[in-house]
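Thanks for making time this morning. I would like to take you through one residue and then through the interfaces around it, so please keep the model open as I talk.

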Amino acid sequence: MNRTISLITDFGDKDGYSGIMKGVILSINPDVNIVDITHQIMPQDIFQAAFVLNYSYPYFPEGTIHVVVVDPGVGGQRSIIALKTPTSFFVGPDNGVFTLILEQEKNISGVYLENRKLFLPKVSQTFHGRDIMAPIAGHLSLGVPITELGSALKPEKIKRISLPGVESSVTGQVTGSVISIDRFGNLITNINEKMLKTFLKPFDPDRLKIYAGNLCITGLSSSYDSVNKGEPLAIMGSHGMVEISVCCASAQSCFSMDKGEIVKVEKY
Amino acid sequence: MNRTISLITDFGDKDGYSGIMKGVILSINPDVNIVDITHQIMPQDIFQAAFVLNYSYPYFPEGTIHVVVVDPGVGGQRSIIALKTPTSFFVGPDNGVFTLILEQEKNISGVYLENRKLFLPKVSQTFHGRDIMAPIAGHLSLGVPITELGSALKPEKIKRISLPGVESSVTGQVTGSVISIDRFGNLITNINEKMLKTFLKPFDPDRLKIYAGNLCITGLSSSYDSVNKGEPLAIMGSHGMVEISVCCASAQSCFSMDKGEIVKVEKY
Amino acid sequence: MNRTISLITDFGDKDGYSGIMKGVILSINPDVNIVDITHQIMPQDIFQAAFVLNYSYPYFPEGTIHVVVVDPGVGGQRSIIALKTPTSFFVGPDNGVFTLILEQEKNISGVYLENRKLFLPKVSQTFHGRDIMAPIAGHLSLGVPITELGSALKPEKIKRISLPGVESSVTGQVTGSVISIDRFGNLITNINEKMLKTFLKPFDPDRLKIYAGNLCITGLSSSYDSVNKGEPLAIMGSHGMVEISVCCASAQSCFSMDKGEIVKVEKY
């Protein structure tokens, strides 16, 4: 069995910390596939890690072990946990990085990572990604059952972070915000298609107005280049969320908008 | 058969988009080797993608599938295509990213990607790298013949971008320009050895003068450290192109030169 | 045998140079695992490469081949060498990148890379990572013995760089400096636990004072969050060195300290 382990961290790429984790994993299971999702989560940005994990994990092979090391509390009181769903495993600190997984998945079992025989022999105070999470992921990839990692943890006990608010009214509008900005400067909101369909039946993307700052965009476009270069558009993006974009440019720069900007979608 | 898939994109490294493509590929073929060439193409810089691809692909194993996702027209009218040469496969949008491959390779067959059974079940409007190109690359790596992907496409119908001009005269000079600048600040031109050999027989690297801005460099050096620290030199670089460099420093910063700077090479 | 090759370079991530090296390696051995430690060594920073290698290599599988391409003298007089220790192989230019390996390991055999049959057929003047080091690493990963690479090289002949000084007195203090700063802004010194234990028996982390600039920190903490947010602390870091940190922030920014800053640890 050729398992996959994915990595999401805030380690950046200059210090070799993610490479070291891979060395640890391959020492335990040389046949595993290791995939970097990203190491560029802003230091300690737990929400961003949770969000990237949430839109990435459905695209990985069944049985993939997703390791998330955004861990400002390393060495302190926080626990480290592993979760198992029907399709995936998750390993990371119990600090809220799995909030969106918990919202999404019904059938979750969890454990505390306690079985020190599966850690590196020496555990540092500052790098549990290397000393605990990487070796645990390696052992999981070899088929060690999650129950051997430590005592059971009820999903309702797992720490959740509060999420950016989004309010939809059946009478015809949703108010959310920009929750992420990608490399292209696309402004990704927390407003999804399901919310729009609650007040717009039959669903018609042309009958929507999208407001943000001074912007008012009419209708959802079907591609980034369906408007002229430099013009704004709104689109249902690949994360399944409404996105505000500019053809061939960065919406973030063009409109000086940042995370947290309020976005409203109305029918008309 | 342990095939290789290479990736060139403008996705950057913070959003996880290239990791998601790898998840899709490994879901189809868990035994493939996936290599990042780069994800730091400047957003929508089709020429840079074409150039990096051109100097990278000859170094990959026979049968490698090179996937290029620099795709400002995603979701719009542009086609997505696959090419096959005697040594390699190429997958990407039909927007000019394969211009230099078409110049280089004689024996090319092409197809449009049309066989939706080989795409992800749900195709988004904004991320065809994930929904179409990654799964197609995965299937190619399993040995699916290119003819199963869609209808044939004649090489002469494939879109080409115009390339930075380079003019050589048999009487003794070549005029080109800086077309790329690498991490070290080396200024890479579009002037290759073959051009110099047309007017300098027998070829003698000492009998050349290289002009750019206020710089005049005599002769091609045989190594970056053949001059003193901080001094300029010209050298036949690893891309097979004349490069302007500074020993232990960045030529780009030292001379405030950028892409597009005119470079002339003369015999004397 | 599923060998691992690790890569440390100053290539950055935009030019595809590390991807090309992987193409070369996989052309020779498609079954090898290739791990990026980092490609973000500052151009030509040999000490940083030596330091990262030193704290990374112990975590890799036995038999791993560590390739270090920080090579300002490429194409010039410097040799390229390979080293073998009981657990690992090392390949790189003879410019000091292996200084810390030589300090650490007792049982080393070395060779010059001279066997051109194991290089790429055409060797450029500017990219020996691609043309020499990558193919040599590929061949080593197939089990080619180090003695076939070229003539023997005595460890005492290998070039060493001078290291940032650290002085410890048995009467109760150590003076070193900040030698590295990680992505989180943690200031990593060259003062290790062994040095502290020479003057503090029994060792008691609470009985130390750490001085740097205007800072005076009492005691070594057991985790980054053992102080309040924004407050400074000192800790025995994952590299085995004393580190100066700030809870949930960058010590580098908070105290405007840089590499070279003098750090003193005293018992009291």
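Predicted model: local features only at pLDDT ≥ 70, side-chain atom pairs only at ≥ 80, totals over all residues.

Let me begin with a side-chain pair in chain A: Asp182(A) and Asn186(A) are joined through their side chains by a polar contact of 3.1 Å, where a polar contact is a pair of N or O atoms within 3.5 Å, one able to donate a hydrogen and the other to accept it within protein, with residues adjacent in sequence counted only if both atoms are side-chain atoms. Residues are numbered from 1 along each chain as its sequence is written, chains are lettered from A and ligands numbered from 1 in the order in which they are written, and side-chain values use heavy atoms, with hydrogens and water left out.

Where does Asp182(A) lie? Asp182(A) is in the loop of chain A between β9 (173-181) and β10 (187-192), the strands being DSSP runs of E of at least two residues, numbered from the N terminus. Asp182(A) is buried but has no salt bridge, and the nearest side chain of opposite charge, Lys14(B), is 6.4 Å away. Buried here means under 20% relative accessible area with a 1.4 Å probe, protein chains only, and a salt bridge needs a side-chain nitrogen of Lys or Arg within 4 Å of a carboxyl oxygen of Asp or Glu. Leaving aside residues up to four places away in sequence, Asp182(A) touches Ile188(A), Lys14(B), Asp15(B) and Tyr17(B), with contact meaning heavy atoms within 4.5 Å.

That brings us to the interface of chain B and chain A, where 34 residues of chain B are in contact with 32 residues of chain A. The two chains bury about 2700 Å² between them, 52% of it on carbon and sulfur atoms, this being the accessible area (1.4 Å probe) lost on being put together, summed over both. In chain B, Lys14(B), Gln125(B) and Thr126(B) lose the most area to chain A, together 21% of what that side buries. Across this interface the rule finds 0 salt bridges, but 17 residue pairs in polar contact, both at pLDDT 80 or more.

Turning to chain A and chain C, 33 residues of chain A are in contact with 33 residues of chain C. In chain A, Lys14(A), Gln125(A) and Thr126(A) lose the most area to chain C, together 20% of what that side buries.

Terms used. Helix = DSSP H or I, 4+ residues; strand = E, 2+ residues; numbered from the N terminus. Buried < 20%, exposed > 50% of the residue type's maximum accessible area, 1.4 Å probe, protein only. Lys, Arg positive; Asp, Glu negative; His and termini not counted.
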